[in-house]
Amino acid sequence: MDSIRRVRKAVIPVAGNGTRFLPATKAMPKEMLTVVDRPVVQYALDEAREAGIEHIVFVTGRNKQAIQDHFDDAPELISSLSRSGKTAQVSELEAMLPPAGTVSFTRQQAPLGLGHAVWCARDLIGDEPFALLLPDMICHGPRGCMAGLMDLYNFAGGNVVGVEQCPPEEAYKYGIVGKGDAVPHGFEVTAMVEKPRTGEAPSNYFLNGRYILQPEIFALLARQERGAGNEIQLTDSMLHLSKDQRFHAHPYEGQTFDCGSKQGFIEANVALALSRPDIGGLVFESVRHMVLTHESRIQAA
């Protein structure tokens, strides 16, 4: 087995327009919508740092300045909180702030798809393997999904994708991988199919927005023709890369919420609020009361 190069950098694409959340995203980046009390993008950065990532590359678009401001120091706010004796909030804000020089921002000038967004990070990544986290997908569990991908990568090298299981009848909604031989922390990938036809999926394991990719993907993305949606699709280049390099999959033991959809965003807020020791009990009682009230109204109708 070739020597396995360490994964030091991660790409987080944040250039999307968030049209599914209009009018809320008319003036605010969709990645800054809050799940409980943190913006969506913060969860992706925290997950990357938990996995040992040292440098984050954000691929931004127009009207995304709020993301840069969020990951910058706020001396006036810190000073005001300190004077008010709100030391717990000061500590929390300081813990969330990335160390100086560990984040970079580059611009995707046109909305040409995820593959193009990843390609825009090529010079900042260089000739290194890198992690890719889609911030719309919040992974919730006892351990971050990317940490599990890193375990598998450190054993097998190559390329690694995060997966979860869906009901077989819903496989047509997702990018699906074929399940091969088991390895520590996962299994070999035998196929990748984007939104297979009903009954033609190679398994019910779907891609959950977490990847570790080798730098050869950039050359493939550079010449990748536009695919679905007239965009440059990452999965298309991954399929080409899989002809020459190994892919493995790590089944995530937690749950991923698609915060790019309204249903997933609401589910994430409820799930993460319930898991919080400070508010979980209150939220449970509130949700329980709302469900019972809703059921009573349906029965009375």
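Is N63 buried or exposed in this model? N63 is exposed, with a relative accessible area of 69% (buried is under 20%, exposed over 50%, partly exposed in between, using a 1.4 Å probe and protein chains only). The model is a predicted one, where local features need pLDDT of at least 70, side-chain atom pairs count only at pLDDT 80 or more, and totals for chains, interfaces and linings use all residues. Residues are numbered from 1 along each chain as its sequence is written, and side-chain values use heavy atoms, leaving out hydrogens and water.

**Confidence**
- The protein chain has an average pLDDT of 92 (the predictor's confidence in each residue, from 0 to 100), and 98% of the residues score at least 70.
- Helix α4 (residues 87-96) has the lowest mean pLDDT among the elements, 89, while strand β6 (residues 130-133) has the highest, 98.
- Helices (H or I, at least four residues) and strands (E, at least two) are DSSP runs, numbered from the N terminus.

**Backbone to look at**
- Most residues other than glycine have a negative phi, and most peptide bonds are trans.
- N63, in the loop between β4 (55-60) and α2, has a positive phi near 65°.
- V36 also shows a positive phi, about 65°; V36 sits in the loop between β2 and β3 (38-39) and is partly exposed at 24% relative accessible area.
- L22 and P23 are joined by a cis peptide bond with omega about 10°, and P23 belongs to the loop between β1 (9-13) and β2 (34-35).

**Surface charge**
- D72 is partly exposed, at 47% relative accessible area, in the loop between α2 (65-70) and α3 (75-83).
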